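Reader: I am new to this structure. Please take me through one part of it closely, the salt bridges and what surrounds them.

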Amino acid sequence: TFLAASRLGLPLEEGKSRQPFQCRAQHPRGIRSVQVSNPGPGSLTRLDPVLTLHPPSREDFQGPYRNSTLLCQIRGPRRPPGSAPIRWLKNGAPLRDGVTPEGPNPESSGMFVTGSRVVVTEAEWDRGDVFTCQADEEMRNTSKAMECG
């Protein structure tokens, strides 16, 4: 099994007039093609949440404390009360020190952004420690080896 994702950006009316579309994914184990349609504007508010992890700023490491922050954000519909917060792991172990939750903050689109920051030292980053943020079943990883710098 493999997973492929693609996004076609068109104005709504143009997309409606040109549908259906064919989406084709090619993999060493085979090719799959599916027909997709633009469901219309009502579906835009029911998007699945998107989790992003922003690496630290290299410039922050130049400051007097020699540390920076990682930012993890989940963007989507408002999370229900009691939803698990964004969790952090460092090299696979739970990380609680230096974590600051943010939001949820509403956007004009009707979506919400919930975030969490964690402090990372220059030594941890240069050593190649792997930081993971998790929201529900989604996870994102970052380390110096995974970034360009």
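Author: What follows starts with the salt bridges and then turns to the sheet and the disulfide. The model is a predicted one.

A search of the whole structure finds ten salt bridges. Side chains of opposite charge can pair when their charged atoms come close. Start with Glu-122 and Arg-58. Their side chains meet at 3.9 Å, N to O. This pair links distant parts of the chain. Glu-122 sits in helix 2, residues 122-127. Arg-58 sits in the loop between strand 3 (50-54) and strand 4. The two are 64 residues apart. Glu-122 has a relative accessible area of 14%, so it counts as buried. Arg-58, at 28%, is partly exposed.

Helix 2 also holds Asp-126. Its partner is Lys-144, with the closest N and O atoms 3.1 Å apart. Lys-144 lies in the segment after strand 10, and 18 residues separate the pair. Both ends are partly exposed: Lys-144 has a relative accessible area of 29%, and Asp-126 has 38%.

Now join the pieces. Arg-58, Arg-66, Glu-122, Asp-126 and Lys-144 are linked in a network of salt bridges.

Another salt bridge joins Arg-117 and Glu-102, with 2.5 Å between the closest N and O atoms. Arg-117 belongs to strand 8 (residues 112-121) and Glu-102 to strand 7 (residues 99-106), so the pair ties together parts 15 residues apart in sequence. Arg-117 is partly exposed at 30%. Glu-102 is partly exposed too, at 26%.

Go back to the segment after strand 10 (138-142). Ser-143 is placed there. With 2% relative accessibility, Ser-143 is buried. Beyond its neighbours within four places in sequence, Ser-143 is in contact with Trp-125, Gly-128, Asp-129 and Val-130.

Strands 9 and 10 run antiparallel and are joined by five bridges. Gln-134 stands opposite Met-139 in strand 10.

The structure holds one. It joins Cys-72 to Cys-133, S to S 2.2 Å. The link is right-handed, with 65° about the S-S bond. Cys-72 lies in strand 4 (residues 67-76) and Cys-133 in strand 9 (residues 131-135), so parts 61 residues apart in sequence are tied together. Both cysteines, Cys-72 and Cys-133, are buried.

How values were computed:
Residues are numbered from 1 along each chain as its sequence is written. This is a predicted model: local features need pLDDT of at least 70, side-chain atom pairs count only at pLDDT 80 or more; totals for chains, interfaces and linings use all residues. Side-chain values use heavy atoms; hydrogens and water are left out. A disulfide is a pair of cysteine sulfur atoms within 2.5 Å. Helices (H or I, at least four residues) and strands (E, at least two) are DSSP runs, numbered from the N terminus. Buried means under 20% relative accessible area, exposed over 50%, partly exposed in between (1.4 Å probe, protein chains only). Contact means heavy atoms within 4.5 Å. Two strands pair if DSSP finds at least two bridges between them. A salt bridge is a side-chain nitrogen of Lys or Arg within 4 Å of a carboxyl oxygen of Asp or Glu.
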